[in-house]
Amino acid sequence: MNTRLATKTKAAIIAAAISLLALTIGIIWMMTPHGSSNDSAASKQPAKAPVSEHVLDKRSVTKLDNAVQDAVELNRESFRASFNARPSYQTDETGKRKTMALLDTDSSPWDAGTYQLTVYCMGSGTLNASFSIGEQYEDCTVSCTDDIAQETLTIRTEGASEGQVSIVPSEDSVSEIAYWIDHPNN
């Protein structure tokens, strides 16, 4: 009786293993494209890629963020605003690249005085940066480098109700962008 039970148990285990193997092969087969590229519409679609958050490695992003934070800490008395590293582009789920222009507006009062916008860039490509307070406007081009590049725009105002920062990366830019604003003679 024990040999009959052992034989039935072995047969059940073998049948389960064969079923599991068949299921695994079926799943692999369904996930693998079939046919030539000419007869499959799905094969003409671009491969999906994950949406990117940063375009440089974590060490570079941290270095850029630390540079901004160090500048803010040294100038705490005149600090107005700061923004940490942002990517120059993002990649969507289809792998398409989209340039990420920045347009930040501050509608709180800007007292009379001198303000400085310092733009930081790390990577490659260029940025067109502009800074306006009321009717006053300054702009520049920043050439990104492997180390941190920076440019400062200065505006003297009699006071205004709005300030704006615009940063537009070049289409070929692969960089991280950050900035901070201070009011050194407040």
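What percentage of the 186 residues in the protein do buried residues make up? In this predicted model, where local features need pLDDT of at least 70, side-chain atom pairs count only at pLDDT 80 or more, and totals for chains, interfaces and linings use all residues, the figure comes to 33%, with buried taken as under 20% relative accessible area (1.4 Å probe, protein chains only). Residues are numbered from 1 along each chain as its sequence is written, and side-chain values use heavy atoms, leaving out hydrogens and water.

As for the layout, 2 helices and 10 strands turn up (DSSP runs, H or I of at least four residues for helices and E of at least two for strands, numbered from the N terminus). Reading from the N terminus, the order is α-α-β-β-β-β-β-β-β-β-β-β.

Now to the sheet. Four strands make an open, antiparallel one in the order S4-S9-S6-S7, where pairing takes at least two DSSP bridges between strands. S4 (102–106) and S7 sit at the edges with a single partner strand each, so one side of each has no neighbour in the sheet. S6 and S7 run antiparallel, joined by 8 bridges, and Ser 132 faces Tyr 137 of S7.

Of its 22 residues, Leu 117, Leu 127, Phe 131 and Ile 167 touch the most other members. Beyond its neighbours within four places in sequence, Phe 131 is in contact (heavy atoms within 4.5 Å) with residues including Trp 110, Leu 117, Leu 153 and Ile 181.

Note on methods. Buried < 20%, exposed > 50% of the residue type's maximum accessible area, 1.4 Å probe, protein only. Core = buried A, V, L, I, M, F, W, Y, C linked by side-chain atoms within 4.5 Å.
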